[in-house]
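Here is a short report on one protein model. Keep the sequence and the 3D view open as you read.

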Amino acid sequence: MRKAYKFRLYPTQKQEYKLFWILARCRELYNAALSERKDAYTYAGKSISYYEQKRDLPEIKTEIREEYQDIYSQVLQDVLLRLKRAFDAFFRRIENGEKPGYPRFQGRNRYNSFTYPQAGGFSLTHDSRVCFSKIGSIKVKLHREIQGTIKTATVKHEAGQWYVIFSCEVEQPEPLPIVESEVGIDLGVTHFAALSDGTFIQSPRYYRKVQKKLEKLQQALSKKKRGSHRRKKAVHAVAKAHRRIANQRRDFHHKQAKKLVQEYQTIVFEELEISNISKRAKPKQDENGKYLPNGASAKSGLNKSILDAGWGQFQQIVSHKAACAGRTVLFVNPHYTSQRCSQCGTVRKKSLDERWHSCECGAELDRDTNAAINILGVGRTQRGATCVEAPSF
Ligand SMILES: [Zn+2]
């Protein structure tokens, strides 16, 4: 099983210069190789393979562009391999009857990484530095422990900062001991999640907090002149804020997922159709170009909460952890789970702002808890029949 670790790199000014230089050469090679493939096909009707292009590399280095000798050879080979993968994907999609875009030439802002595909080209030293062949040793911040064997290292420039991403081969962890418990989970807006045992996982509110800051940054960005240095800086600041939110959210998801998987043998979720809910209502304009009220702002509040919660990512993380631990995750049809009484089965329509489930049978409980119990119930009856079961081993 592969696992990726991303760490911040702190190159010196001189090293950063070299990193940019390598990036530029790699992008140049990528575009040249793409152009060769394209021309060969257009003018001669033949296709050129990765191996043919790879065979030309030594000659390029000795006769055409000697400066390529200052780049580790496997890094250059990996550039050609990336192009090969782009073409493989392109042809695969054509075979599947899709209409893919032809592999694209890479602009300066799109091509932002290069890879050392084998451990021989780089090494991690004990004093927190990564030694890259033909670059030197760069300081790295190892903020978490690496598990498994490091296979490849990718150097990436992202929002003004440098990172190394190690791809590691890790052993399949031992399955957790089997427990008898099961849980239904209702993911929501009021709480991040309601569990069928009556407990809740509260939503982290960091997004709203950082949102204010983000809005300010975005405003500042809109005032900067296109192509200016200041604009570039503002773009980085915005990207950085987004990245911070995403990281915090992922951390939160991992922590909660770990708890659930440790505690429950079977976890039942509703199938999500987030794409419908989170679509933003388009603002309407009248003939004079004035905006008409159409509930767009109200909806964006709900959107925010939904995106905030990032349900899809959470379900993915839970499924992944569960599969590794020998647990089961089920997804059930969400119909009526919030309308039906979990105790007597009576279906009664509720509006979205009705937060409490109160039934003639005497049932009194939180709306979302009621839904979670129903989700678990559907999971139990459908088990092994119509629901999708995550692989367990
Ligand atoms: Zn009832």
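## Cysteines

A disulfide is a pair of cysteine sulfur atoms within 2.5 Å. A search of the whole structure finds zero disulfides.

Buried means under 20% relative accessible area, exposed means over 50%, and partly exposed lies in between (1.4 Å probe, protein chains only). Cysteine 131 has 32% relative accessibility, so it counts as partly exposed. Cysteine 361 has 41% relative accessibility, so it also counts as partly exposed.

## About the model

This is a predicted model, in which local features need pLDDT of at least 70, side-chain atom pairs count only at pLDDT 80 or more, and totals for chains, interfaces and linings use all residues. Residues are numbered from 1 along each chain as its sequence is written, and side-chain values use heavy atoms, with hydrogens and water left out.

## Helix 1 and helix 3

Helices here are DSSP runs (H or I, at least four residues), strands are too (E, at least two), and both are numbered from the N terminus. Axes are lines fitted to C-alpha atoms, for helices over the stretch in contact, and angles run from 0 to 180 degrees between N-to-C directions. Helix 1 (residues 13-44) packs on helix 3 (residues 73-95) at an angle of about 45°, and their axes are 9 Å apart. Helix 1 is therefore oblique to helix 3. Angles under 35 degrees count as roughly parallel, over 145 as roughly antiparallel, 65 to 115 as roughly perpendicular, and the rest as oblique. The crossing of helix 1 and helix 3 is right-handed.

Contact means heavy atoms within 4.5 Å. Among the residues in this contact are Cys26, Leu29 and Tyr30 of helix 1, and Val75, Leu76 and Phe87 of helix 3. By class, the contact of helix 1 with helix 3 has 12 nonpolar, no polar and three charged residues. Ala, Val, Leu, Ile, Met, Phe, Trp, Tyr, Cys and Pro count as nonpolar; Asp, Glu, Lys and Arg count as charged; the others, Gly among them, are polar.

## Phenylalanine 90

Phenylalanine 90 is found in helix 3. Phenylalanine 90 has a relative accessible area of 11%, so it is buried. What does phenylalanine 90 touch, not counting residues up to four places away in sequence? The answer is Pro100, Gly101, Tyr102 and Pro103. The C-alpha atoms of phenylalanine 90 and glycine 101 are separated by 7.4 Å, and the two are 11 residues apart along the chain.

## Helix 5 and helix 8

Helix 5 (residues 229-263) and helix 8 (residues 311-325) pack at about 40°, with axes 9 Å apart. That angle makes helix 5 oblique to helix 8. Their crossing is right-handed. The contact includes Arg249, His253 and Gln256 of helix 5, and Phe314 and Ile317 of helix 8. Its residues divide into eight nonpolar, four polar and four charged.

Glutamine 256 is part of helix 5. Its relative accessible area is 13%, so glutamine 256 is buried. Leaving aside neighbours within four places in sequence, glutamine 256 is in contact with Ile201 and Phe314.

## Two positive phi values

Most residues other than glycine have a negative phi. Lysine 134 has a positive phi, near 70°. Lysine 134 sits in the loop between strand 4 (129-132) and strand 5 (136-141). At 45% relative accessibility, lysine 134 is partly exposed.

Tyrosine 336 has a positive phi of about 65°. Tyrosine 336 lies in the loop between strand 14 (328-332) and strand 15 (356-358).

Notes
A crossing is left-handed if the near helix is turned anticlockwise from the far one by less than a right angle, and right-handed if clockwise.
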